[in-house]
Amino acid sequence: MDLFFNLILTTSNPQGLAYLGAGIAMIGGLGSGIGQGYAGGKAVEAVGRQPEASGKITTTMLVGQAMAETTGLYALIIAFILIFTTG
Amino acid sequence: MISPNLISSLIIIGVLIIVLSVIGKKVSKLDPKEPLKGPLFIIVSGIGKLNDMIQTYFGKNWKLFAPILIAVFIYLIFANTSSLIGLNTPLSNINIAISFSLLAFLIIQVYGMIIRTPKKRMKDLMSPSILLFPINLIGEISTPLAMGLRLFGNLLSGAVIGVIVFYIFPGLLGIVSVIPMTVVVHPIFNIGFGLIQAFVYFMLLTIFLSMAVEAEEA
């Protein structure tokens, strides 16, 4: 295993590793996707139960989803930093 | 060197100052007995709806907070959709995004200091117990920072995806590639995300400001 990492570090250039790191950082998008989907599903349930309140439910859902998006956006910013500042 | 984002931001600010002051003059001269017509009706009823929403959060002295909140909202609406008319989106530059989080921080702190005196504000920060003071202090700084970074991340990702699509699709599809650009990229990444993010920034600023201003009214 040690030999494998040594091989990667010596044969590849740091810019490629930075791109790899950007790809790995975007795993953080997984959590925000799950959170947004959960909020959307619950909002659909709420509209089904109480259709006359759909306007308020949609507004609340959008604000909640934007809050859930924050962690994914942090991952995205880190990925952008890795891509654009190396090389 | 001045970045193009800053130039487009200044253009938007200048146009908005002129147009909105003209509209304000027109509205103040209106006769309240006559029914409104056309674009003025849309503007007046829209501002009225926003005022009603702000009133539900702030109670009786909502008139102190409504102007700055609505001004930020109107600027963000036009700034986030400005790439439709060929300007660079101002918020896709991190300096402008961070300045927006500084703006949110200053609005919340200054209004909090004025409405509730500094002594009471300190008491709010130490609210459950004095041990939580550092954590509350971090919360005061990190929420505005998260608001600015959220705007930055959304608009930068929209810009980057737009650029990628504009580079890749013409080679693949030729003249047909106009369709994905006009039907998918601009409505979703410029209009949809831009307006949603403007509304979200406005809502979060309203909520955090109302929390800072009337923390222990009950």
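**Exercise 1. Which residues in H3(B) are buried?**

Solution. The structure is a predicted model. A residue counts as buried when its relative accessible area is under 20%. Applied to H3(B), this criterion selects Ala66(B), Leu69(B), Ile70(B), Val72(B), Phe73(B), Ile74(B), Tyr75(B), Leu76(B), Ala79(B) and Asn80(B). The next step is to identify their partners: the buried residues of H3(B) pack against H1, H2, H4, H6 and H7 of chain B.

**Exercise 2. Describe how H2(B) packs with H7(B).**

Solution. Two packed helices are described by the angle between their axes and the distance between the axes. For helix H2 (residues 38-58) and helix H7 (residues 178-213) of chain B, the angle is about 30° and the axes are 9 Å apart. Angles under 35 degrees count as roughly parallel, so H2(B) is roughly parallel to H7(B). Their crossing is right-handed. By class, the contact comprises 10 nonpolar, two polar and no charged residues. H2(B) contributes Leu50(B), Met53(B), Ile54(B), Tyr57(B) and Phe58(B). On the side of H7(B), the residues they meet include Phe199(B), Phe202(B), Met203(B) and Thr206(B).

**Exercise 3. Determine the relative direction of H2(A) and H4(A), and classify the residues in their contact.**

Solution. The axes of helix H2 (residues 14-25) and helix H4 (residues 54-85) of chain A come within 8 Å and cross at roughly 175°. Angles over 145 degrees count as roughly antiparallel; H2(A) and H4(A) therefore fall in that class. In the contact, Ala18(A), Tyr19(A), Gly21(A), Ala22(A) and Ala25(A) of H2(A) meet Ala75(A), Ile78(A), Ala79(A), Leu82(A) and Ile83(A) of H4(A). By class, nine of these residues are nonpolar, one is polar and none is charged.

**Exercise 4. Is Ile196(B) exposed, partly exposed or buried?**

Solution. Ile196(B) belongs to helix H7 of chain B. Its relative accessibility is 29%, so Ile196(B) counts as partly exposed. The C-alpha atom of Ile196(B) is 9.0 Å from that of Ile77(B), although 119 residues separate the two along the chain.

**Exercise 5. Summarise the secondary structure and burial of chain B.**

Solution. Chain B has seven helices and zero strands. Of its 218 residues, 38% are buried.

Conventions. Residues numbered from 1 in each chain as written. Chains lettered and ligands numbered in written order. Predicted model: local features only at pLDDT ≥ 70, side-chain atom pairs only at ≥ 80, totals over all residues. Heavy atoms only, no water. Axes fitted to C-alpha atoms, helices over the stretch in contact; angles between N-to-C directions. Helix = DSSP H or I, 4+ residues; strand = E, 2+ residues; numbered from the N terminus. Parallel < 35°, antiparallel > 145°, perpendicular 65-115°, else oblique. Left-handed = near helix turned anticlockwise from the far one by under 90°. Contact = heavy atoms within 4.5 Å. Nonpolar A, V, L, I, M, F, W, Y, C, P; charged D, E, K, R; others polar. Buried < 20%, exposed > 50% of the residue type's maximum accessible area, 1.4 Å probe, protein only.
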